[in-house]
Amino acid sequence: MRQMNKRKLNQLFELARNEPAPVPPADFPADMLRAILREPRGTVAGELTIFDRLNLLFPRIAFAAVAIIILCIALDCGLTATGMPGLHDGLSQISAQWLLTPDEFQL
Amino acid sequence: MNDDAELLERIRNGATDDFAGIVHRHQGRVFAILHRYERDAHKIEDLAQETFVKAWRALDQFDGRAPFDHWLSKIAVRVALDHLRREKRRPNEVGLPEPGDDALDWLRRGDEKSELEGRAAAELLDLAMRELSPLDRVVITMQEMEGRSVKEICEATGASGVAVRVRALRARGKLRRVLGKLMNEANEQTQAEPTL
């Protein structure tokens with residue numbers, strides 16, 4: 001499909017910038033004053049919801065998760081190469097000795 | 001001490017009426033920001049009211065480190081973002097407006113530099129921007145229409161620098177596709193018209 005070229009898009013932005021902004025009504029400040037007299041002060045305003053924040057943080061969270069996974073794999077490989085028990089061995093040991101002790105299955 | 005700081009100090013000390021002075025000083029800027037995201041004058045006024053009410057409620061959080069108009073602009077952008085999200089969720093019963101004749105002529109002219117009235121250009125851009133996600137629209141508007149830096153956009157939207165750059169790139173690509181489609185339609189319309 002045909003796209004508008006970059007130069008024409010930039011021209012459109014430039015032309016649109018020339019549009020004058022609307023002029024506020026003369027009684028706008030007075031109306032605002034009446035409106036705020038009914039409002040309490042000191043509450044949080046303009047805050048993003050938790051979902052918005054998670055959405056905005058998504059690239060960082062994803063990057064951090066990938067970095068942690070890579071670090072764990074590298075650590076495991078490093079430990080295995082040096083002959084020390086790796087993370088997998090450690091986890092197997094924990095599950096065998098502590099989480100699933102043979103005593104628990106005895107009736 | 002500048003005028004804003006003086007007024008804000010008086011408001012904090014109980015002179016509520018001075019908030020009208022703050023509104024008077026900054027209303028033009030707030031209307032100009034909101035106008036980038038909404039064409040209807042009544043809705044712009046409602047959004048401006050919402051902006052100033054939010055500023056009023058959060059006035060104690062303004063620490064004076066940045067200029068007041070920067071802080072207020074951020075609130076206006078957040079209000080615009082919320083508005084765009086609400087509009088996106090609402091089913092459009094009226095349907096999208098068609099580009100005007102001037103805009104169609106401009107689209108047909110291809111690459112050559114041609115004139116288009118600011119209003120017609122803004123309407124055409126608004127039409128294309130409706131295809132963007134609300135946050136993409138805010139990012140590209142702040143960057144291209146207001147000339148804001150990536151840092152300023154990050155502060156206003158809460159997005160990271162990488163996210164802002166990616167969104168701006170994606171938004172430009174989508175705008176070019178949407179406007180390209182409108183260009184095709186405008187050209188097809190010309191070919192279909194019988195010559196007199």
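Confidence was examined for chain A. The mean pLDDT of chain A is 79, and 77% of the residues of this chain reach 70 or more. Among the elements of chain A, helix H2 has the highest confidence, with a mean of 91, whereas helix H4, which spans residues 87–99, has the lowest, with a mean of 71. Where pLDDT is low, the predicted coordinates should not be read in detail.

The contact between the two chains involves 41 residues from chain A and 51 residues from chain B. On the side of chain A that touches chain B, at least two residues are supplied by each of helix H1 (6–17), helix H2 (28–36) and helix H3 (50–81) of chain A. The largest share of this side is that of H1(A), which provides nine residues. Sorted by class, the side of chain A that touches chain B comprises 25 nonpolar, seven polar and nine charged residues.

Within chain B, helix H7 (residues 134–145) packs with helix H8 (residues 150–157) at an angle of about 145 degrees. The axes of H7(B) and H8(B) lie 10 Å apart, and the crossing of these two helices is right-handed. From H7(B), the residues that make the contact are B:Leu135, B:Val138, B:Val139, B:Met142 and B:Gln143; from H8(B), they are B:Ile153, B:Ala156 and B:Thr157. The contact of H7(B) with H8(B) contains six nonpolar and two polar residues, and no charged residues.

Terms used. Residues are numbered from 1 along each chain as its sequence is written. Chains are lettered from A and ligands numbered from 1 in the order in which they are written. This is a predicted model: local features need pLDDT of at least 70, side-chain atom pairs count only at pLDDT 80 or more; totals for chains, interfaces and linings use all residues. Two residues are in contact if their C-beta atoms, placed from the backbone, lie within 7 Å. Helices (H or I, at least four residues) and strands (E, at least two) are DSSP runs, numbered from the N terminus. Ala, Val, Leu, Ile, Met, Phe, Trp, Tyr, Cys and Pro count as nonpolar, Asp, Glu, Lys and Arg as charged, and the others, Gly among them, as polar. Axes are lines fitted to C-alpha atoms, for helices over the stretch in contact, and angles run from 0 to 180 degrees between N-to-C directions. A crossing is left-handed if the near helix is turned anticlockwise from the far one by less than a right angle, and right-handed if clockwise. pLDDT is the predictor's confidence in each residue, from 0 to 100.
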